[in-house]
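Trainee: I'd like to learn how to read a model like this one. Can we go through it feature by feature?

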Amino acid sequence: MVDDVELLPRQDREAALADAGYNVFELASDAVAVDLLTDSGTGTMSNDQWAAMMRGDEAYAGSSSFEDLEAAVADVMGFEHIVPAHQGRGAENVLYGALVDEGDTVLNNAHFDTTRAHVAANGADPVDCPVDGARDPDSDDPFKGDFSVETARRVVEDVGVDNVPAVVLTVTNNSMAGQPVSVENTREVAAFADDIDATFVLDACRFAENAHFVQQREPEFADDTVADIAREQLSYADACVMSGKKDGLVNAGGFVGLREQDDLYEACRQRGILYEGFSTYGGMSGRDMAAFAVGLREAVEPPYVEERVGQVQRLAGMLDDRGVPVYQPAGGHAVYVDANAALPHLPRDEYPGQAFVCELYLEGGVRGVELGRFAFPETERRDLVRLALPRRTYGPDHLEHVADTAAAVCERGDEVTGYEIVDEPEMAELRHFSARLEPLQ
């Protein structure tokens, strides 16, 4: 689909941002010129996906479109059984509600916002176990998204093995600048989870992009296809959580993938019926499932995934050429600007990442998202600004505009003021979606 976009006059952007409480989640989409808030469900579908939608089976029970999706998951990802959901966070609610109890601890290479919130909402403690180089934006480690088993073992010693029901590996590692995870590390984490008798879960939202990086960076897999690598990496997990809005290439949908029709599957199935819908649609229409089934197969095709990751690399190069500090190497779905380096005069308690986000919008109508102290108040992450590229949506001129806008913000960085939160929701893990801020004077 082709859409007209307009860059509003500066004074209109200023008014829109103030009305939004300086939180870009509250901006109307028609007030945004280039929208890089997220790549989740914002991409463009293929003609084959649109054609599949026309054949969607809207039966409440026993939909043939569900059977198509189930077959695609089995073929592409290797999970024989799925519990469908309306999107990834619905799948998280289903799985973690069935798996996690009060007082538990859940280990992850790095929890993303909704994952952290679902774990916490069930009374458990979400603990991140990133590798040492993950927080270094200049490290050239090819797999900075990896899970630190050493850190995880120390946590288990502290909390007790019986209190760790799940070990989660997020690929790619969105909270750590979209960095990939190696298959070697996946094997190590699987063995660790087996040692402590925990369910090993792969958050597989960007499994195809991760497989592409493995092909490029892990010598063992240099001659393998992305499709084969994806199945290999996923084969070590007991379960997976999937948002179809990422590497499913659709605008809605998700699922929990499971190996066996065991007690966990049945608990997820019943919870899915309660919160999402019957077991053969789970909050999706038949046409959604039909497009999802096609999208999963397209996501591991070389021309698609090479162009997808390549576009992100090109934006990173444009920003770097203009002197914008970016986290290196770039990930597969987004470029992360280092706001601490871009705005070094702002202390962290004045939210330099959110300040950079606001300035991007004021300068050029570009919407990004802060993934630092504002979004993750309880963690020690750098103040990064994520510029997530929707799939198959923007062209070179858009990327040039984004790079020029970010460079202009950096050029007058000393003039940028910090922010304070004036209203926020009770659940701190999700405050960045709806909190209101004010610029400091």
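**Reading the model**

Mentor: Start with a pair of helices: α4 passes α10 in a right-handed crossing. Helices (H or I, at least four residues) and strands (E, at least two) are DSSP runs, numbered from the N terminus.

Mentor: Two housekeeping points. This is a predicted model, with local features needing pLDDT of at least 70 and side-chain atom pairs counting only at pLDDT 80 or more, while totals for chains, interfaces and linings use all residues. Residues are numbered from 1 along each chain as its sequence is written, and side-chain values use heavy atoms, with hydrogens and water left out.

Trainee: At roughly what angle do the axes of α4 and α10 cross?

Mentor: Axes are lines fitted to C-alpha atoms (for helices, over the stretch in contact), with angles from 0 to 180 degrees between N-to-C directions. Here, α4 (residues 88-99) and α10 (residues 263-275) cross at roughly 130 degrees, and their axes come within 9 Å. Under 35 degrees counts as roughly parallel, over 145 as roughly antiparallel, 65 to 115 as roughly perpendicular and the rest as oblique. α4 and α10 are therefore oblique to each other.

Trainee: Which residues of α4 and α10 meet?

Mentor: Contact means heavy atoms within 4.5 Å. From α4 you get N93, V94, L95, G97, A98 and L99, and they meet L264, A267, C268, R271, G272 and Y275 of α10. Sorted by class, the residues of this contact are eight nonpolar, three polar and one charged. (Ala, Val, Leu, Ile, Met, Phe, Trp, Tyr, Cys and Pro are nonpolar; Asp, Glu, Lys and Arg are charged; the others, Gly among them, are polar.)

Trainee: And how do α6 and α7 lie relative to each other, parallel or antiparallel?

Mentor: The axes of α6 (residues 149-159) and α7 (residues 183-195) come within 11 Å and cross at roughly 15 degrees, so the two helices are roughly parallel. The crossing of α6 past α7 is right-handed. V149, A152, R153 and V156 of α6 meet E188, V189, F192 and D195 of α7. That contact has five nonpolar, no polar and three charged residues.

Trainee: Is V256 buried or exposed?

Mentor: Buried means under 20% relative accessible area, exposed over 50%, partly exposed in between (1.4 Å probe, protein chains only). V256 sits in strand β8 (residues 254-258), and with a relative accessible area of 0% V256 is buried. Leaving out residues up to four places away in sequence, V256 touches H81, I82, V83, A91, V94, L95, C240 and C268. V94, L95 and C268 also turn up in the contact between α4 and α10. For a sense of distance, V256 and G56 are 200 residues apart in sequence and 21 Å apart in space, C-alpha to C-alpha.

Trainee: How many residues of α5 are buried?

Mentor: Seven of the nine residues of α5 (residues 113-121) are, making this helix mostly covered. They are D113, T114, T115, R116, A117, H118 and V119. Those buried residues pack against α4, β3 (105-108), β4 (125-128) and β6 (199-203). Just after α5, G123 has a positive phi of about 85 degrees.

Trainee: Which residues touch the most other members of the largest nonpolar core?

Mentor: A nonpolar core is a set of buried Ala, Val, Leu, Ile, Met, Phe, Trp, Tyr and Cys residues joined through side-chain atoms within 4.5 Å. In the largest one, of 63 residues, they are L36, L319, F356, Y361, V385 and L387. Helix α14 (residues 352-364) contributes the most, with seven residues. A second, separate core has 62 residues, including L107, V155, V171 and A291.

Note on methods:
A crossing is left-handed if the near helix is turned anticlockwise from the far one by less than a right angle, and right-handed if clockwise.
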